[in-house]
Structure formats: structure tokens, C-alpha cells
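I opened this structure today and kept notes as I went.

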2 protein chains.
Amino acid sequence: MVENLTEEILEMLGNESRRRILNLLSKKPCYVSEISYSLKMAPKVVLDHLDKLEKLGIVSSYEEGRRRYYSINRNLRVEISITPHRFIASTVSETPELEIDEFIKNMENLLKTPAGSLREIYKALQEFEEVERQFSEILGAVSLKFNEMFERFLTEIEKEVEDELERLVLLGITKGADTPFKISEEYGISYMGVIKALKSLENRNIVEKLENEDVWRIKC
Amino acid sequence: MVENLTEEILEMLGNESRRRILNLLSKKPCYVSEISYSLKMAPKVVLDHLDKLEKLGIVSSYEEGRRRYYSINRNLRVEISITPHRFIASTVSETPELEIDEFIKNMENLLKTPAGSLREIYKALQEFEEVERQFSEILGAVSLKFNEMFERFLTEIEKEVEDELERLVLLGITKGADTPFKISEEYGISYMGVIKALKSLENRNIVEKLENEDVWRIKC
């Protein structure tokens, strides 16, 4: 499942020139002819890309002297997970929640965030990058584990459910298609076929329907 | 900084049709005419996209009956961070390291990974997704914190170093341009200008040169 902002960001990042512009701007704010010279792109092309980035809210500009400088003005994090049973792309932006703030505070203490000299901050920055790298690896491993568990889930479905269609419907529910309509659409099964399978699974206590809604879930 | 595999993946994900195909394949393995029907794309176009995905090693195919099925066959995680001072895109693939395995084991115990029934695994899967979401938020917050710290670093540079060029050179080193050549290239300063700034910073004990190499770093 990919949401809207993420769609736009992926579209934006799919273009090599825009990636190179972002790379440049992450080094320092730049003006158009500087980018144009550095990346060997026509100023008109650079401006077009900057416009797109500005509309997406990723880049902003300010005047200084007779020049208009562009810089990155957002904190965005895009996470994409591509595995046999999932394709997820999502964007995390600025506002972390309270719990996390506390977590970060602890981590900061752990890293002994410095009182202030240039060298101390530099060292802390490097430690931070290392922590970030580790987290990112952990997330990769969590994603892998999820996949292994999903494989086991599939094996269980094969054991407990014989009917091919019912298996597919169960799979659909697990992957987030929670209404008969969605299951029918996304898995190419006729609506009536989905209903029949759901009823049969419901009778065997494997799925249940939420009260007052046409939403189904695995009965836990 | 964006590496090669990541470049290719971003290029690939920049295309909406390919995102839709991946989304479909994450639901279940599909054959070409099924994808073509479901996404309303010409079979020829679908095949072209599948070819690209197969060459990148993300998708693989197998024959079953008279049909060739396509499915996602990799565990990839792409992390992108776009902030005022950093643009990083990187790919984490399959092999997590030992420490992390241990961490995951603990986490699994924490989540009380089930003995095996369909319902138990389902529940665990949902808990896993929640953990993953939290981690992802934490990473977002870490990234934000990094940025704040970087701002402080910049303030310190302004305090300790008066010369504009020297400031830029220091910034370059901090952002990973570690040789005079790279600094000169990436920040548009003449090579001789970089050398002069480095010498002056070295004399004031702010930077140092690695032995036997033309690599510079902040002196800690």
C-alpha cells in the first residue's frame, strides 16, 4: 500500500536530475546558475525541477543579495519494504510522538550529547549516524522476520483450509482487504464467491464479521 | 549520497505502473494476462515492466501448468532521508548481522511468538507490524535530532571560524568530502583555496590529515 504523498515523493525521486539537485542542496543552499554549472544542466531545466520540488514542499527559496537561494526545508523519511508478501512505502514526516521523544532523550544521554564544542558535536554526530545505521539494519531484520512468519502463516492456512478459494479469501483479509468488495476486486474473485467463502470460514470459526459493518477479520 | 542499487530501485519505483505491479504481486503471484486485466495495461507493456523488475532481481517467475507466474523474490528495504543537511538513500537487503539476530530473538520472545495456530500467528503478525511502525517512527525522530545537532554544529563553526571559505571547507569535511579534491569539486572552491583553508585550520588544531593519505578529518 502506498499513500499519496509517498507516491509523489517516489515519482520525484525516480528522476536522476532531481536526485542530483537534492544531493547538491543537502551540501549547501545554491542558486540556479550554480546548480546549472555544477550539474551541467540548462538553467531552464534546473528551474523546472526546483519548481516541482518547491510545490512538493521539499525545497524552499529565499533571496540574498541579488540571488535566489534554494535549500531543502523538510525532514522527511521514506521507508520502502519490498518482500514476497508485502510492498509498503510510507513517509514519516516531522512530528514524532511523545513516547519517542522520551526514547530519544534516553538515547541522547546514552550518547552523552556534548555541552558544545565543535569537536564534541562532531563526534556526537558521528555516533548518531552509527545509531541510525544500526536501527535501519534492525528494521531490515524485523521486515525479514515478518516475512518468515508470514510463510508459516501460509503453511497453517494450507493445513486448516482445503478449499483454494477460501484460502485466497483468508490471504486477502490478512493482507488488509477487509471487505468482500475489496477482496473481490483485489483478488479477482466474484463477489458471490467471496461471500460464500466468508460464510463457510465463519461457520468454522476462522473469521468473524465486525458488528454493524461489512468488515471481516481473522477471529483471534 | 545514493549508491548504485538504490539508484536503480528509485528509478524503478518512480514509475507508477511498476509500483502497481509490485503491489499486485505482493498480494499473490500473478501471470501476465492477469496483471494486464487487473491494471488495464497492454500485456506487452506489463511484460516490459516485469522484465525490468526481473533484471533488477526483485521479481522472479516460474511455470505452473501452462502459465508463467511472477512473484516478488527479494527482501529489500529502502530508506530515504531528506533533510536540510542530508539526502541519503540506501538499501538494506537480506543479511542482518549477528547482534541484530539476537536483538530480534529477544523481541520475538517479547512478542511471545506463537506455537503455531493460524490465529496465534495472525496476532503475532499484527503485533510485528506495530513494532515495525514504532521503529520507523523512532528512526524518523533520530533523523530529526541529527538535524538539530547539525544546526548546533553550524552555529559552532560560525563562532570558531571567521573565514567564509574555511567554514565551507569544514562543512565539506563534516558532510563526507574528505579529500581536497572532493571538497574542491563538490563545493566549487579552487583546489589551491581548499589547501590554503585546510592548512590554516590545521594550524589552529581544528582539522588533521590522516597519515600517508590525502584524507582530512575534524580533530577530536
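Entry 1: I began with strand E2 (residues 59–64) and strand E3 (residues 67–72) of chain A, which run antiparallel and are joined by 6 bridges. I was working on a predicted model, where local features need pLDDT of at least 70, side-chain atom pairs count only at pLDDT 80 or more, and totals for chains, interfaces and linings use all residues. Residues are numbered from 1 along each chain as its sequence is written, chains are lettered from A and ligands numbered from 1 in the order in which they are written, and side-chain values use heavy atoms, with hydrogens and water left out. My strands and helices are DSSP runs numbered from the N terminus (strands E, at least two residues; helices H or I, at least four). I call two strands paired if DSSP finds at least two bridges between them.

I then looked up some partners. Tyr62(A) has Tyr69(A) in E3(A) as its bridge partner, and Val59(A) has Ile72(A). The hairpin of E2(A) and E3(A) has 2 residues between the strands, and Gly65(A) takes a positive phi near 65 degrees there.

**Entry 2: the sheets.** In which order do the 3 strands of the open sheet in chain A lie? I read E1-E3-E2, with antiparallel pairing. Strand E1 (30–31) and E2 of chain A are the edge strands, each pairing on one side only.

In chain B I also found an open sheet of 3 strands in the order E1-E3-E2, paired antiparallel. Strand E1 (30–31) and strand E2 (59–64) of chain B each have a single partner strand, so one side of each is left without a neighbour in the sheet. E2(B) pairs with strand E3 (residues 67–72) of chain B over 6 bridges in the antiparallel sense. Here Glu64(B) stands opposite Arg67(B) in E3(B).

Entry 3: Next I followed strand E4 (residues 76–83) of chain A to E4(B): 7 bridges join them, and they run antiparallel. Ser81(A) stands opposite Arg77(B) in E4(B).

Entry 4: I superposed the copies by least squares on the C-alpha atoms of residues with pLDDT of at least 70 in both. Chain B goes onto chain A with an RMSD of 0.0 Å, by a turn of 180 degrees and a shift of 0.0 Å along the axis. The two copies are thus related as by a two-fold rotation axis. In chain B, Gly14(B) has the C-alpha nearest the axis, 1.9 Å from it.

**Entry 5: the interface.** I counted contact as heavy atoms within 4.5 Å. By that rule, 88 residues of chain B touch 89 residues of chain A. The copies meet through the same surface, because 100% of the interface residues of chain B are also interface residues in chain A. About 9,000 Å² is buried between the chains, and carbon and sulfur atoms give 66% of that. Buried area here is the accessible area (1.4 Å probe) that two parts lose on being put together, summed over both.

How many salt bridges link chain B and chain A? I found 8, with the rule that a side-chain nitrogen of Lys or Arg lies within 4 Å of a carboxyl oxygen of Asp or Glu. One of them joins Glu186(A) to Lys27(B), with the closest N and O atoms 3.0 Å apart. On the side of chain B that touches chain A, H6(B) gives the largest share, 30 residues.
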